[in-house]
Amino acid sequence: MASSSREQEPGGFLQPMLPSPPASSVNSPSAARFVLLQPRSRPLRSGSSKESDFINHVEQKLLAISRRYENRFSTTLSEEENPDVEGRGYKNIGEEIQDLNPVVDLVWISGTPSLQIAFLLTIALTMMTSLPSFPFMPRPTFQLLQKLDLMFASLLKGVSVETGEPLPGSETGRSKLSTTEKVRMRGIVERTRIAVVEVSGKDGSLADVSTISQSRMTDTEEDFNLTTEDEDMDVLEDESSHRRWEMDIARVYERTIVELGMALDASGSGNAGWAP
């Protein structure tokens with residue numbers, strides 16, 4: 001990895017098939033709300049050493065994530081034999097998302113549209129590719145996808161969808177995405193929505209719900225006399241969780257879909273072919 005300057009400056013980047021969703025659901029009070037980190041006040045200067053250091057840093061992080069993904073489920077090296085976590089494969093999608101999240105935040109606070117667009121599209125493609133490889137974990141999956149949704153929608157508008165303020169590098173309030181990038185984004189978005197539906201529909205796929213539920217029931221049965229009423233309550237809680245996840249599935253990239261539809265229709269590329 002290239003050695004990056006640690007000099008701090010204000011807003012520096014080294015600081016910490018489905019139907020289309022209804023437009024009214026975008027502002028639904030039941031939807032999870034995120035507050036994106038404040039980006040730099042101005043983009044990194046093109047061709048500068050700081051931009052070069054940033055690109056090298058992010059690329060190295062993504063390369064390490066890619067290597068851990070390729071070694072997923074690998075049992076050839078134990079933790080004792082290989083204490084370096086970057087050398088071990090992912091055991092579940094949650095571990096990969098844990099590594100992706102800080103990279104997403106870092107890219108966002110760079111405040112540089114050209115880098116945000118390129119790296120966030122790469123990360124979204126990585127997420128789309130990884131989903132079918134692991135049991136579905138709704139909570140971390142939806143949290144990352146909703147964060148990417150806010151970022152993509154903001155980049156498409158040229159303003160923050162949270163505050164309405166122009167993004168750094170988009171002071172005119174216009175998107176910096178090219179038509180080709182918009183079409184590519186649409187392909188990733190649509191395929192991700194399909195992947196979420198398929199993975200969540202697999203038997204036993206709700207890893208972070210079913211595992212916790214089973215653990216809770218086992219502990220209860222060992223410690224108490226589980227009554228029929230208690231069992232019914234557990235079933236209702238599980239059904240409620242599944243209904244909540246179903247609503248989140250329908251909301252995957254909902255803001256991005258709305259903005260992409262308007263952007264591509266305006267450019268006359270609404271029916272253009274796409275491929276991530």
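A charge is taken to sit over a ring if NZ of Lys or CZ of Arg is within 6 Å of the ring centre and within 35 degrees of the ring normal. In the present model, which is predicted, Arg-72 lies over the face of Tyr-69, at 4.1 Å from the ring centre.

The protein has eight helices and zero strands, and its pattern along the sequence reads α-α-α-α-α-α-α-α. Of the 276 residues in the protein, 43% are buried.

Five aromatic pairs are present in the structure. In the pair formed by Phe-54 and Phe-119, the ring centres are 6.4 Å apart and the planes stand at 70 degrees, so the arrangement is edge-to-face. Because Phe-54 belongs to helix H1 (residues 49–70) and Phe-119 to helix H3 (residues 113–130), this pair ties together parts that are 65 residues apart in sequence. Both Phe-54 and Phe-119 are buried.

A tilted aromatic pair is formed by Phe-152 and Tyr-253, with 6.0 Å from centre to centre and 35 degrees between the planes. Phe-152 is located in helix H4 (residues 138–157), whereas Tyr-253 is found in the loop between helix H7 (228–250) and helix H8 (254–267); the pair therefore ties together parts that are 101 residues apart in sequence. Both Phe-152 and Tyr-253 are buried.

Conventions
Residues numbered from 1 in each chain as written. Predicted model: local features only at pLDDT ≥ 70, side-chain atom pairs only at ≥ 80, totals over all residues. Heavy atoms only, no water. Phe/Tyr/Trp six-rings, centres within 6.5 Å; stacked < 30°, edge-to-face > 60°. Helix = DSSP H or I, 4+ residues; strand = E, 2+ residues; numbered from the N terminus. Buried < 20%, exposed > 50% of the residue type's maximum accessible area, 1.4 Å probe, protein only.
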